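Visitor: Please take a close look at one part of this model, the packing of a pair of helices, and then go on to the aromatic rings.

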Amino acid sequence: MKQGIVYLIGAGPGDPGLITVKGLSCLRRADVVIYDYLANPHFLDAAPPDAERIYVGKRKGVHHLPQEEINALLVEKARQGKSVARLKGGDPYVFGRGGEEALHLHRAGVAFEVIPGVTSSFAAAAYAGIPLTHRDFTTSLALVTGHENPEKKLSSLDWEKLATGVGTLVFYMGMANLPLIAGELMAHGRAAGTPVAVIRWATTPRQETLVATLGTLVEKVRQSGIKPPAIIIVGEVVGLRDELRWFDNRPLFGKRILVTRSAEQAGSFSALLEEQGAEALACPVIEIYPSSDTTELDDAIAALSGIDYLILTSANAVQAFFTRLAACKKDVRALHGVTVAVVGPKTAEALALYGLKPDLVARDFRAEGVLQILNEHGVNGKRILYPRAELARELIPKELAAAGAEVLAPVAYCSRLPADGERIREVLLAGDIDAITFTASSTVDNFVALIGTDASALVGEIPLFSIGPLTSQTMVRHGLTVAAEADPSTLEAMVETMVLHFSQG
Ligand code: SAH
């Protein structure tokens with residue numbers, strides 16, 4: 001039987017980008033993933049689809065599995081010959097009971113490896129703009145538990161040495177003991193004016209930071225209502241935050257933005273929003289699927305050598321076309337001599353994935369723009385292939401035919417309402433949404449279809465953003481108010497529009 005092994009993996013503090021390359025690679029090969037409350041559940045997607053996923057809790061007060069049972073589970077799975085990824089928040093050996101788990105594995109004769117993670121205090125400091133050491137302010141650092149073994153209380157800490165012997169102090173799990181921590185430090189000689197930062201949900205879109213002094217800490221925390229999980233940093237370095245903060249002052253920080261485009265297309269837009277600090281919430285209102293009748297497109301592909309222009313007006317069209325090209329046992333060489341026209345830079349990018357450069361890119365990123373550029377090149381007497389969406393406007397085939405071209409316009413892909421369509425309603429009812437984005441008319445139609453006639457009531461005051469004039473028209477037709485429209489009609493411009501909107505708001 002295959003030898004089992006347990007990897008104790010530090011998953012980092014929350015931002016999924018903060019796991020190590022080695023940790024991620026172990027996760028990708030795992031048979032079983034055992035994870036905690038503080039490890040970002042996003043990582044579960046990295047494990048193989050058939051890997052077993054076991055949540056063992058560890059939220060304060062809501063322990064799911066007692067530590068002994070977690071230990072026993074690790075041994076049991078490894079003894080079945082499994083590769084076990086034991087994901088732990090932050091670093092496994094920093095207040096994570098990783099030491100206990102490793103000792104238990106060692107004593108049970110189970111192979112294990114430990115993959116360090118970015119511990120939450122290091123990450124919280126970096127993302128709050130607080131260097132934990134700086135030669136002008138401090139030369140030493142202590143990581144301290146603010147919540148010791150419940151039986152021991154915090155009395156075993158040597159407060160006198162901590163208060164005066166160490167430069168920067170970092171407390172984990174300290175929120176419940178704040179009065180004691182601040183009180184003991186001051187009682188043992190640390191100045192009441194020493195700056196303190198409390199950083200909650202560090203590195204995530206929910207990060208909150210409160211700055212106080214030892215003297216004002218308890219009262220300020222009480223007023224703000226800031227809660228665990230949080231890291232407490234005590235020391236002069238906290239003062240550097242004013243100049244060094246970079247994470248929570250990005251233009252869209254703290255904004256939850258609903259992305260309605262299809263699941264396949266949401267990623268690139270979400271990434272642009274996240275770069276500006278937003279939390280992008282993917283809630284697709286449209287699902288793209290290939291046309292079930294491919295005869296017309298396949299026939300056109302069989303006769304590609306007689307085609308003068310190929311028009312592609314979306315990344316979906318590109319994908320649908322190349323899927324059929326491959327199914328017809330052909331490749332890009334079949335496009336030799338065909339002039340390829342696309343609607344805009346995103347479609348050109350999709351084309352690049354197949355090793356192709358468009359000959360023509362519309363300047364106005366919609367059907368009108370495609371017509372304009374084709375007309376400049378002359379279409380009279382030409383044969384044009386335009387694999388299109390089932391519900392596409394008739395404009396392109398009609399105008400090109402009127403200009404004397406022969407147009408083949410097979411349906412290449414279709415769209416429908418997604419299977420979990422009710423989710424959008426639930427998300428809106430739950431509140432907390434700062435903006436909704438529409439990147440095509442079809443998503444507006446579907447949004448309204450899913451939400452029903454009270455769409456504008458449910459949307460309420462939430463600002464709605466549109467990618468361009470057609471999408472805006474559809475919104476207005478449904479009685480929705482456009483907060484701002486992108487110009488040009490690109491995702492980048494849309495994000496800029498949103499940044500501008502919120503900076504003025
Ligand atoms: N092994 C973990 C620590 C686990 S102890 C690590 O290395 O980070 C749990 C404590 O970690 C919490 O009470 C809190 O103080 C801190 N913590 C973990 N993740 C955090 C986060 N994203 N933001 C702020 N504090 C966090």
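Guide: Helix axes here are lines fitted to C-alpha atoms over the stretch in contact, and angles run from 0 to 180 degrees between N-to-C directions. The model is predicted. In it, the axis of helix α9 (residues 263-275) comes within 10 Å of the axis of helix α19 (residues 491-504), and the two cross at roughly 35°. The crossing of α9 past α19 is right-handed. On the α9 side the contact is made by S268, F269, L272 and L273, and on the α19 side by L491, E492, M494, V495 and M498. Sorted by class, this contact of α9 with α19 has seven nonpolar residues, one polar and one charged.

As for the aromatic rings, the structure holds eleven aromatic pairs. One of them joins F247 and F253, with ring centres 5.3 Å apart; their planes stand at 65°, so the pair is edge-to-face. F247 has a relative accessibility of 6% and therefore counts as buried. F253 is also buried, at a relative accessible area of 17%, because the cut-off for buried is under 20%. F438 and F447 form an aromatic pair that is edge-to-face, with 5.0 Å from centre to centre and 75° between the planes. F438 is buried at 0% relative accessibility, and F447 is buried with a relative accessible area of 0%.

F247 and F253 belong to one aromatic cluster with Y127 and W246. A ring also meets a charge: the charged end of R416 sits over the ring of Y289, 4.0 Å from the centre of that ring.

Terms used: Residues are numbered from 1 along each chain as its sequence is written. This is a predicted model: local features need pLDDT of at least 70, side-chain atom pairs count only at pLDDT 80 or more; totals for chains, interfaces and linings use all residues. Side-chain values use heavy atoms; hydrogens and water are left out. Helices (H or I, at least four residues) and strands (E, at least two) are DSSP runs, numbered from the N terminus. A crossing is left-handed if the near helix is turned anticlockwise from the far one by less than a right angle, and right-handed if clockwise. Contact means heavy atoms within 4.5 Å. Ala, Val, Leu, Ile, Met, Phe, Trp, Tyr, Cys and Pro count as nonpolar, Asp, Glu, Lys and Arg as charged, and the others, Gly among them, as polar. Rings of Phe, Tyr and Trp (its six-membered ring) pair if their centres lie within 6.5 Å; planes under 30 degrees apart count as stacked, over 60 as edge-to-face and the rest as tilted. Buried means under 20% relative accessible area, exposed over 50%, partly exposed in between (1.4 Å probe, protein chains only). A charge sits over a ring if NZ of Lys or CZ of Arg is within 6 Å of the ring centre and within 35 degrees of the ring normal.
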